[in-house]
Amino acid sequence: MSMKKNWNFYTRVIHEAQSPMDWQGSTLPPIFQTASHLHSTAQNLSETFAGKTGDHIYMRLTNPTNNVLERKLAGLEGGRGAVVMASGMAAITNACMALLRAGDEFVAGNSLFMSTYVLFANVFKKYGITVHFVESTDLGAIGEAINGRTRFVYVETIGNPKMDVPDIEAVAAVAHEHGLPLLVDNTLATPYLCRPLELGADVVIHSTTKYLSGHGDATGGVVIDRGDFDWSGGRFPDLAPFVERKEDLAYLDKVWREHHINFGTTQAPLHSYLTILGLDTLAIRMERHLANAWKVAAFLKDQPEVRWINYPGMANHPCRETADKQFSGRGFGAVLTFGLRDQDACFRFIDGLEMIYHLANLGDCKSLVIHPYSSQYLSFTEETRSALSITPDLIRLSVGIEAAEDICADIRQALDRL
Ligand SMILES: *Cc1c(COP(=O)(O)O)cnc(C)c1O
C-alpha cells in the first residue's frame with residue numbers, strides 16, 4: 001500500500017507500511033515464527049546470498065515480521081531504513097560499534113540511561129575506546145571535546161534521569177561542522193513528540209520496549225538511518241566498502257552486516273508483532289501520557305512533602321525553552337523525577353502506593369515508580385551517582401495513561417504515610 005506523505009501522524013502510526021493484501025488480507029502482519037526459510041533451487045539461495053533476490057535466509061539475518069516493523073519505524077521517524085534488534089541496548093551497542101575501532105573516541109551527553117552509561121564508560125573502555133561525557137546542553141563543551149579521533153556525537157532527546165533537553169538542531173550543527181554524525185536515543189520522546197532526523201540528527205535509536213510497544217510486554221530496539229550522511233570526508237575509511245555496496249544506506253548496512261548479524265542481536269518476531277500492535281495506539285497514548293504528566297507535575301508542585309520536581313515542562317526548568325521549541329507545544333515527555341525528604345521517605349512512599357507499579361521500566365501505559373539510587377544505580381560509586389544527579393531523595397515516575405486524578409490520589413495517599 002502506498003504511503004500518503006501528507007497523512008497526519010495519527011493516521012501514519014496505524015497505516016505506515018501496512019500491506020494487508022500481501023498478508024492474505026490480515027490487518028496485522030503474520031508472525032513468521034521460523035528460524036530459516038526454504039529455497040526452491042540452489043541457484044536461488046546463491047542469488048539470495050549475493051543480495052539479489054530480497055528473499056529471507058535465516059532469522060538472525062532477516063525476518064519478514066521484523067521487516068514490517070522496520071518499515072513502520074523508519075517511516076515514522078523520517079529515515080531511509082531501519083534494523084530492529086533484541087533490545088534497546090542491542091541497538092545502542094550495534095549503532096555505536098559500527099562506527100568505533102580501538103583507539104577511537106566519541107562525545108556523549110552526561111545524562112544517559114543507566115546501561116548506556118555503563119556500556120560507554122566501562123565496557124567500551126576495555127576495547128580501547130574513549131568516551132568524553134559533556135553537558136548535552138553545552139554546545140561549547142561538545143565542540144571542545146571533539147578531536148581528530150572522534151567518530152560521533154551521542155545524546156538522548158530527553159536525558160534520563162536528568163531530564164535535560166539538548167537542542168538537537170544545534171548539536172547536529174556542531175557535529176556536522178566537524179564532519180561527524182549525530183546519534184540520538186529518542187526513546188523518551190518517541191516520534192510523536194520529536195523527530196530528531198528532521199532536526200538534523202543522522203541516526204535515531206529506540207528502546208521499543210518503552211512507549212513504542214507501550215504495554216511492557218516485549219523488549220526490542222531499533223537503529224534508524226537518515227541515509228544522507230557523507231562518509232567520504234576522511235574520518236571513516238572503514239565505511240568505504242559499505243558506501244560502494246549500499247550508497248546512502250552504507251551505515252545501516254554496516255550496522256546490520258558487520259554487527260547485528262555477527263553479534264546475534266536478533267529480534268524475536270513475536271516481539272515485533274507486539275510492537276506493531278502497540279504502535280497502532282502510540283499517538284493517542286502519547287497525547288494522554290503527556291497531558292497526564294503535565295497534570296501530575298502541577299499536582300506534585302503543590303504537595304508540601306515534595307521538595308523539588310524535575311520535569312522539562314516546569315516554568316523554571318533550564319531546558320523549558322528548548323523543549324517548547326523542539327516539541328512544538330505537544331508536551332514535555334511523561335517521565336519526571338521529584339525529591340522527598342530522604343531515602344527512608346522514598347521507601348515509605350513507594351511501599352505505600354496502591355495503584356502505581358513499583359518496577360524497573362518506563363513508557364508503559366501503566367504508571368511506574370522506582371528509587372534509582374538504591375536499585376539501578378546501587379553498584380555505582382557515590383561520586384558517579386552524584387555526577388549523574390542520582391541522589392538518595394529521588395523518585396522517578398513514569399506517568400501512565402490512567403485517569404490523572406487517580407494517579408494523583410494514589411500519590412497523595414502514599415505521601416500521607418511518610
Ligand atoms: C530502556 C532504555 C534503553 C535500553 O533499552 P532496553 O530495551 O531495556 O535494552 C535505552 N535508552 C533509554 C532512554 C531507555 O529508557
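Analyst: This is a predicted model, in which local features need pLDDT of at least 70 and side-chain atom pairs count only at pLDDT 80 or more, while totals for chains, interfaces and linings use all residues. Residues are numbered from 1 along each chain as its sequence is written, and side-chain values use heavy atoms, with hydrogens and water left out.

User: How many disulfides are there, taking a disulfide as a pair of cysteine sulfur atoms within 2.5 Å?

Analyst: A disulfide is a covalent bond between the sulfur atoms of two cysteines. Here the count is zero. The closest cysteine sulfur to that of Cys 365 belongs to Cys 408 and lies 18 Å away, which is too far for a bond; for Cys 96 the closest is in Cys 194, at 18 Å, again too far.

User: Is Cys 96 buried or exposed?

Analyst: Buried means under 20% relative accessible area, exposed over 50%, and partly exposed in between, with a 1.4 Å probe and protein chains only. Cys 96 is buried at 0%, and Cys 365, at 14%, also counts as buried.

User: Which residues of strand E6 lie on each side?

Analyst: In a regular strand the side chains alternate between the two faces of the sheet. Strands (E, at least two residues) are DSSP runs numbered from the N terminus. In E6, Val 203, Ile 205 and Ser 207 lie on one side and Val 204 and His 206 on the other, all of them buried.

User: What pairs with E6?

Analyst: Two strands pair if DSSP finds at least two bridges between them. E5 (residues 182–185) pairs with E6 in the parallel sense over three bridges, and Val 184 stands opposite Val 204. E7 (residues 221–225) pairs with E6 in the antiparallel sense over five bridges, where Val 223 is the bridge partner of Ile 205.

Definitions and conventions. Disulfide = S-S within 2.5 Å. Helix = DSSP H or I, 4+ residues; strand = E, 2+ residues; numbered from the N terminus.
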